[in-house]
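Subject: Structure handover

Hello,

Here is the structure for your files.

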Amino acid sequence: MNDQEPADFSRVADALRWGEEVLAEESINGARLQATLLLGDAMGLNRAQLLASLREPVAAGAAEKFRTSIASRASHVPLQYIRGHAPFLDFEVAVRPGVFIPRPETEMVVEEALALWQPTAEVSWAVDVGTGSGIISIALARARPAARICTIDRSPAPLVTARQNAASLDVADRIAFIRGDLLSPLGADHHQPPANVRQSVGMVISNPPYAPENGREVDPEVSDHEPREAWAAGPEGMDAYARLIPQAANLLLPGRPLILELGYGQSELVADLLASDGRWDEPRILPDFNEIPRIVTVLRK
Ligand SMILES: C[S@@+](CC[C@H](N)C(=O)[O-])C[C@H]1O[C@@H](n2cnc3c(N)ncnc32)[C@H](O)[C@@H]1O
């Protein structure tokens, strides 16, 4: 790491320049922006306020906090873990180590789900498998005031964080947080769940783990810092899909959608799993903003 650290930052501009240089030396993309965000956090200023204060001094406490944040980021701790929050659609959630960081691709998954699903009094529930920070469940609950969401994660840390996020966004009373393995808590493992459960669930949505477990396709920033259970899904990254698709078919009534986020190169493999299960209509595969097939939506036959 850059050791030309000034003894003190006499001005905001000096601190920013130092932070940017340290991050750029460690090949962090967008070093200037990230240094700006971290210095703003340390000083309690938003970006516009910080940029209007370039000639101002940096107080000792803020300088110390900034140095610590820059050191973490230079060792590739994700920016969102250092800042403690991340944006998703029109809201922010808290994130911390042990909880998967929201990705922009998942916003498209939610938008697609909202286009396909309207809760009614009789069919008010959606099931979100793999809670993470709670973004999918929270976004659905915010957009559909009549909706109730059952969100399931097998790790405790995401459920704690997601519940806090939902509470601070005022939707916790419409979300059930359940610890368990995929759709097993609803009795969808090998059999059809009870009729009243099947009747009330209008949609299953999931951004499951989908990378090969040896981490060969995963950015080291992810594999070194984000929870392994959030990204690793067996030798080919297909294990969660292979178990979830038949479970979702056990749970959903005909005409009701399953919506999945896809990993790179997995659309045909997932389409094969759906076809061999035999209980699904023809899937729609949708691309993300990089033209990578990213979402599958499919209706139960
Ligand atoms: C890729 S993250 C997605 C988190 C969040 N939905 C999002 O889109 O940001 C996958 C989540 O699934 C959870 N998970 C992994 N395997 C699971 C399983 N077998 N059953 C339930 N949850 C699981 C992980 O703990 C993690 O929180």
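In these notes Ala, Val, Leu, Ile, Met, Phe, Trp, Tyr, Cys and Pro count as nonpolar, Asp, Glu, Lys and Arg as charged, and the others, Gly among them, as polar. By that scheme the shell around the ligand holds 8 nonpolar, 7 polar and 4 charged residues.

This is a predicted model: local features need pLDDT of at least 70, side-chain atom pairs need pLDDT 80 or more, and totals for chains, interfaces and linings use all residues. Numbering runs from 1 along each chain as its sequence is written, and side-chain values use heavy atoms, without hydrogens and water.

Ligand site. The ligand is surrounded by 19 residues (a heavy atom within 4 Å). The closest are G130, D153, D181, L182 and N207.

- G130: a polar backbone atom is 2.7 Å from a ligand nitrogen.
- D153: a polar side-chain atom is 2.6 Å from a ligand oxygen.
- N207: a side-chain N or O atom is 2.9 Å from a ligand oxygen.

Alone, the ligand exposes 600 Å², and the protein buries 97% of that (Shrake-Rupley, 1.4 Å probe). Helix 7 (135-143) and helix 11 (228-231) each give two or more residues to the shell (helices are DSSP runs of H or I, at least four residues).

Helix pair. Helix 2 (residues 31-43) packs on helix 4 (residues 60-74) at about 145°, axes 8 Å apart (lines fitted to C-alpha atoms over the stretch in contact, angles from 0 to 180 degrees between N-to-C directions). Residues in contact (heavy atoms within 4.5 Å) include L38 and L39 of helix 2 and F66 and I70 of helix 4. The contact divides into 8 nonpolar, 2 polar and 3 charged residues.

Best wishes

Conventions
Polar contact = N/O pair within 3.5 Å; in protein donor to acceptor, adjacent residues only side chain to side chain.
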